[in-house]
Amino acid sequence: MLDVRGLGKTYQGSGRQVEAVRDLTFTVKAGELVCLVGPSGCGKTTLLKCMGGLLAPTSGEVLLDGVPVTGPPPGMAIVFQEYGRSLFPWMRVADNVELPLKEKGLPKAKRLRLVTDALRSVGLPDAADAYPWQLSGGMQQRVAIARALAYEPQVLLMDEPFAAVDAQTRADLEDLVRVLWQERGITVLFVTHDIDEAVYLGERVVVLSASPTVVQDELHIDLPDERDQLHTRVSPRFTELRTHVYEQIQAAKRAARADRSAVSAASDGEGSAAG
């Protein structure tokens, strides 16, 4: 469903270049839930924006169901971390959810049916007439998820969507994502910096290196399909998997430090030779 081939992204400006993503290649199968995790600042959001057609890559390409992504594709929806910026505070919840459906040109009866179903699916059937600012942070993020679901996407991209909510709300939202994924069969790519979250949610975890980002490791998560916050997280296999991912991320950080030291030493050597 998603095919990332040799993706690279370099930012240019103010006389300098910053290589954020380097030759990144991986795939996501139809109906799969894959988590991307890596060190802070490794380029996860840059990657996701390139995959969602919001940012043009410097090299490589992204394919959605075999079609190159050159702009926001109609079969994809994105849920961002900052729900406060993605919801319009002057519009009621139902209107926020309905907005992209209007842009899609759907008839009113179908729009209302999709909005009602999406709000029910995220546990907010009675919130249609409320304004976002009247809801808690967790409820606002549920509205953002409902808006994505109502769009009926083939692929759902989620960019650290629970980083701004408290731990209890985060656990509830994690379980919600798995339920929605299982019920609807949507392909989900979930970006997170939280190792435990990646292992708990995913069928597969792709571990990214430090910037400039490449794939450090890919790990199949062989936990049971039915998971819960109480028992899954204390199982020996969960501990083994999260330890493996943690070790890979630490290895990525060590490699990045070694590279920086080598570059610094080379620069110092050139300076000495010039002097």
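Guide: Two strands pair if DSSP finds at least two bridges between them; strands (E, at least two residues) and helices (H or I, at least four) are DSSP runs numbered from the N terminus. This is a predicted model, in which local features need pLDDT of at least 70 and side-chain atom pairs pLDDT 80 or more, while totals for chains, interfaces and linings use all residues. Residues are numbered from 1 along each chain as its sequence is written, and side-chain values use heavy atoms, without hydrogens and water.

Visitor: Which residue of β4 is the bridge partner of Leu-2?

Guide: Strands of a sheet pair through backbone hydrogen bonds, either parallel or antiparallel. Here the partner of Leu-2 is Leu-64. β1 (residues 2-13) and β4 (residues 59-64) are antiparallel, with five bridges.

Visitor: What is the strand order of the open sheet?

Guide: The order of its four strands is β2-β1-β4-β5, paired antiparallel. Because β2 (16-28) and β5 (67-68) each have a single partner strand, they form the edges, and one side of each lacks a neighbour in the sheet.

Visitor: Which residues have the most contacts inside the largest nonpolar core?

Guide: Such a core is a set of buried Ala, Val, Leu, Ile, Met, Phe, Trp, Tyr and Cys residues joined through side-chain atoms within 4.5 Å, where buried means under 20% relative accessible area with a 1.4 Å probe, counting protein chains only. Ile-145 and Val-245 lead in this core of 55 residues. Helix α5 (residues 137-150) gives the most to this core, seven residues. Contact means heavy atoms within 4.5 Å; beyond four places in sequence, Ile-145 touches residues including Val-79, Phe-162 and Leu-180.

Definitions and conventions. Buried < 20%, exposed > 50% of the residue type's maximum accessible area, 1.4 Å probe, protein only.
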